[in-house]
Amino acid sequence: MKKVLIGITGASGSLYAKRLIEELVQKDIFVYIVASDNGKKVMEYETSINLESWVYSLKEKYKNIQLEDINNMFSNVASGSYKLDGVIIIPCSMGTLGEISNGISKNLIARAADVALKERRNLIIVPRETPFNTIHLENMLKLSKMGATILPAMPGFYHKPETLEDLVNFVIGKILDYLSIENDLFKKWGN
Ligand SMILES: Cc1cc2nc3c(=O)[nH]c(=O)nc-3n(C[C@H](O)[C@H](O)[C@H](O)COP(=O)(O)O)c2cc1C
């Protein structure tokens, strides 16, 4: 079974994280979830979802999901010897982006990203801010040069989205493509 970690930070757009988690658990991928304090708060503010209760209710149907404490450095996912197939920070705040690009691993999200980089495994960052300042851009460039995928929450419009879900699915479909997970969440150009 593939294993991925989803890091949810306090940037706007936690709906993307929710949608990605739903897709992954249905596709029999084991999903570890780590959220920052502000990640949980912004999620509740934007979607009225309480992360703990939502994961608890998903767990009744799917066994392949686990919420990790952001301060638990004893977690399996903090170690390079525990092989994850992907670490996805979605949405990624500029604060967490700065920590990761500077090797500051003081919580489990930054540590899991740091491990993915050192082990040369899949790290996908979904940054959310607008406009970006030079620090944000330099941090993204640095991570990109190290092999991370910078995949901004920037849906295309050529698939003619009609709903908010169509827009969200476009970004989630792109992430699944990068993880080599089959999906038909958006109409691929040329198909
Ligand atoms: C409603 C709300 C929306 C926010 N949106 C963003 C955002 O889109 N991008 C960002 O970098 N920070 C955003 N922030 C600020 C971050 O939550 C804040 O910088 C926080 O310290 C990030 O810490 P974290 O990465 O540990 O979650 C937002 C804050 C609030 C309250």
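Is G10 buried, partly exposed or exposed? The points below take up this question and then the other annotated residues.

1. This is a predicted model, in which local features need pLDDT of at least 70 and side-chain atom pairs count only at pLDDT 80 or more, while totals for chains, interfaces and linings use all residues. Residues are numbered from 1 along each chain as its sequence is written, and side-chain values use heavy atoms, with hydrogens and water left out.

2. G10 is partly exposed, with a relative accessible area of 27%, where buried means under 20%, exposed over 50% and partly exposed in between, for a 1.4 Å probe and protein chains only. The residue sits in the loop that runs between strand 1 (3–8) and helix 1 (14–26); helices (H or I, at least four residues) and strands (E, at least two) are DSSP runs, numbered from the N terminus. Apart from neighbours within four places in sequence, G10 is in contact with S36, N38, G39, V42 and S93, contact being heavy atoms within 4.5 Å.

3. An unreviewed UniProt entry annotates a "binding site" that covers G10, A11, S12, S36, S93, M94, G95, T96 and R128; UniProt positions are given in the numbering used here, feature names are shortened, and annotations may be inferred rather than shown by experiment. R128, in the loop between strand 5 (123–127) and helix 6 (134–145), is partly exposed at a relative accessible area of 31%. Not counting residues up to four places away in sequence, R128 touches A11, S12, P91, C92 and M94.

4. M94 also takes part in a helix contact, in which M94, L97, G98, I100 and S101 of helix 4 meet H136, N139, M140, K142 and L143 of helix 6. By class, this contact of helix 4 with helix 6 has five nonpolar, four polar and one charged residues, where Ala, Val, Leu, Ile, Met, Phe, Trp, Tyr, Cys and Pro count as nonpolar, Asp, Glu, Lys and Arg as charged, and the others, Gly among them, as polar.

5. The unreviewed UniProt entry also lists Y158 and K174 under "binding site"; although spread over 17 residues of sequence, they cluster in space, with a largest C-alpha distance of 14.1 Å. Y158 lies in the loop between strand 6 (149–150) and helix 7 (164–178) and is partly exposed at 42% relative accessibility, whereas K174 is found in helix 7 and is partly exposed at 28%. Leaving out residues up to four places away in sequence, Y158 touches F170, K174 and W189, and K174 touches L151, Y158 and F186.
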